[in-house]
Amino acid sequence: SSEFTYDYIVVGGGTGGLVVANRLSEQETTSVLVIEAGGSVYNNINVTDTGGYGNAFGTTIDWAYQTTDQEYAAGKPQIVRAGKALGGTSTINGMVYLRAQTAQIDAWEAIGNKGWNWNSLFPYYRKGEDFQGIHYSWLEGSGVAYDPADHGYTGPLKVGWSSTQLNDGLAQQLNATYQNMVPPVPYNKDPNGGQMVGYALYPKTVDSIKNIREDAARAYYYPYQNRTNLHVWLNTNANRLTWKDGDAATADGVEVTLANGTTIVVKASREVIVAAGALKSPVLLELSGIGNPDILSKYGIQTKVNLSTVGENLQDQMNNGLVYDSMISYSKSADYVAYPSVNQLFTNASAIGAQLYAKLPAYAAQVASANGNITKASNIERFFKIQWHLIFKSHIPVAEILLEPSGNTYDTEYWGSVPFSRGNVHIQSADPTAAASIDPKYFMLDFDLHAQIEAARFIRKLFKTEPFAGMAGDETSPGLSAVAANAGDEGWASFIKNNYRSNFHPISTVAMMPKEVGGVVDTSLKVYGTSNVRVVDASVMPFQVCGHLQSTVYAVAERAADIIKVE
Ligand code: FDA
């Protein structure tokens, strides 16, 4: 027995978790506890400063998860960052607010998640949003634009542009440049309506007036903290779920270690909602006895639910950059994105498509063999064909190109949007404080490298196209002496593999899919084999999205709350 009982316990007060906690606690008779390993960062300048991206890295609010040595990428480990604070990763992320292409969310339904498609998710993107518009004097001339129908105006999460937005004509010059590229990259007024291909200025999770970061806690918790039925325990680590006596896998609480070091059990009378992030939620399930019996037994954990695919299907993207001198000095910055489709990224898209299609069975076999056939090659091949179709037939963006002017430089970041490589995350100990084994298998499949190389070439082409070419100076990284102007794939491969980082977009480790094809949660986000354990965070997304993850995590969590409320 425990002195604490709540209707719902939410494990992880991050991006997804705080949405669910907020919405469930709208019902006054429902009690909700949020367990969060980190503390409050409400007044942390590394969080609130909209120009401070990166300042929180390596501080106490960064989990800084380390991967295994990446055998397909120079043999080195990577750091995958994630926020350890009330608000989770939304407190340290790049604040980019970009959703997905319609066909990508429709693909969730195509793999068997009935009812999960763009049309059913779109209202939830809008439900969470408090779009602040562009009617501020400081945005005059900045080039920002939007389609009113694509946004929500009554949700908790502020989205928009802040007073640091550059308005000196660069947006217009870039647009002219993209139109001059061969083939041209069309202007996209609003990439948040489900059509992402093109060049756009994207909004961020910022408070436009105060010019501070908007994160999950600032949006979904602090304005509601006086609710007596909503409690948050900070600096409290969830160790494992506890189970009701009997055969059914019904969770009845969570074992936690409090800030003072005491370990206690807090009871849940209805459900436990796991929202610890894609690199932690599967770990918590395993520590609780949900997973692959071969892994659990190694660490003396009794299997409660035999579900071998927990922790599999890990998908991330790889991030590289090119840096150029600029002829102009910038004291403000702005956010410009280009989303090329295959026809804009590859010179011979149909040939590349045909080659890739022929390789999919081998890719699927390689993924299955790498995880001991826990995920089946036949299922993976089907998913890969759907992914191929998205890229070559639905023409989703196949890469993302970001341009960031600052001081006397133009920084760029780029990544292939939908890598095929699949890795995994698993416990290496029964100790809940021990690090898990995280293996994204970056660059395992050669298309992923190919897309990364073509994205780099695309950037070089952009910087050679007028009028922007006249505003930019030399390429300082990698520079033509490191990667020659006419470098072949080999020349690019070594730069890319030695200099990439995680794009910090891990997903799919607790995938929403039918159980028979390797899923871990069903369409109500309930873990198979349990009666009352759900997962609501980036872990459940079955496929990578173009755009960035947070908007889709917020939308999925909004929908999850509605699903939970009617049960
Ligand atoms: P999230 O990490 O938000 O929440 C998990 C919570 O659980 C955390 O608060 C954590 O402390 C807590 N927790 C974990 N284990 C626990 C335990 N055992 N006990 C108690 N609590 C525990 N996306 C985007 O859309 N635009 C962007 O610009 C960027 N940029 C970006 C930059 C960086 C550096 C990173 C790391 C990530 C991004 N992203 C991003 C990605 C995006 O921010 C991210 O995918 C989502 O915020 C993830 O939300 P979740 O709810 O899945 O996990």
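View 1. An oxygen atom of the ligand is 3.2 Å from a polar backbone atom of A85. A polar backbone atom of V96 lies 2.9 Å from a nitrogen atom of the ligand. A238 places a backbone N or O atom 2.9 Å from a ligand nitrogen atom. A polar contact is a pair of N or O atoms within 3.5 Å; within protein, one must be able to donate a hydrogen and the other to accept it, and residues adjacent in sequence count only if both atoms are side-chain atoms. The ligand on its own has 1,000 Å² of accessible area, of which the protein covers 97%. Accessible areas come from the Shrake-Rupley method with a 1.4 Å probe, and for residues only the protein chains shown count as cover.

Residues are numbered from 1 along each chain as its sequence is written, and side-chain values use heavy atoms, with hydrogens and water left out. Because the model is predicted, local features need pLDDT of at least 70 and side-chain atom pairs count only at pLDDT 80 or more, while totals for chains, interfaces and linings use all residues.

**View 2. The shell around the ligand.** Of the 38 residues around the ligand, T15, E36, T89, A238 and Q550 come nearest; a residue is near a molecule or strand if one of its heavy atoms lies within 4 Å of it. Helix 14 gives the largest share of this shell, three residues. By type, the shell holds 16 nonpolar, 17 polar and five charged residues. Here Ala, Val, Leu, Ile, Met, Phe, Trp, Tyr, Cys and Pro count as nonpolar, Asp, Glu, Lys and Arg as charged, and the others, Gly among them, as polar. Helices (H or I, at least four residues) and strands (E, at least two) are DSSP runs, numbered from the N terminus.

**View 3. The second largest pocket.** The volume of this pocket is about 310 Å³. Of its 16 lining residues, Y324, R460, K464, E475 and L480 are the closest to its centre. Strand 22 supplies the largest share of the lining, four residues. The lining divides into nine nonpolar, one polar and six charged residues. On a 1 Å grid over the protein atoms alone, a pocket is an open set of points with protein on both sides within 12 Å along at least five of seven lines, and lining residues have an atom within 4 Å of a point. Grid points are joined across faces, edges and corners, and a volume is the space filled by probe spheres (1.4 Å) set on the points.

**View 4. The side chain of R99.** R99 lies in the loop between strand 4 (79–80) and helix 3 (102–110). R99 is buried, with a relative accessible area of 0%; buried means under 20%, exposed over 50%, and partly exposed in between (1.4 Å probe, protein chains only). Its side chain reaches the backbone oxygen of D150 at 2.8 Å and the backbone oxygen of N192 at 2.7 Å.

View 5. Most residues other than glycine have a negative phi, and most peptide bonds are trans. The bond from V182 to P183 is cis, with omega near -10°. E466 and P467 are also joined by a cis bond, with omega about 5°, and P467 sits in the loop between helix 12 and strand 22. A64, not a glycine, has a positive phi of about 45° and is partly exposed at 28% relative accessible area. F504, not a glycine either, has a positive phi of about 60° and is buried at 18%.
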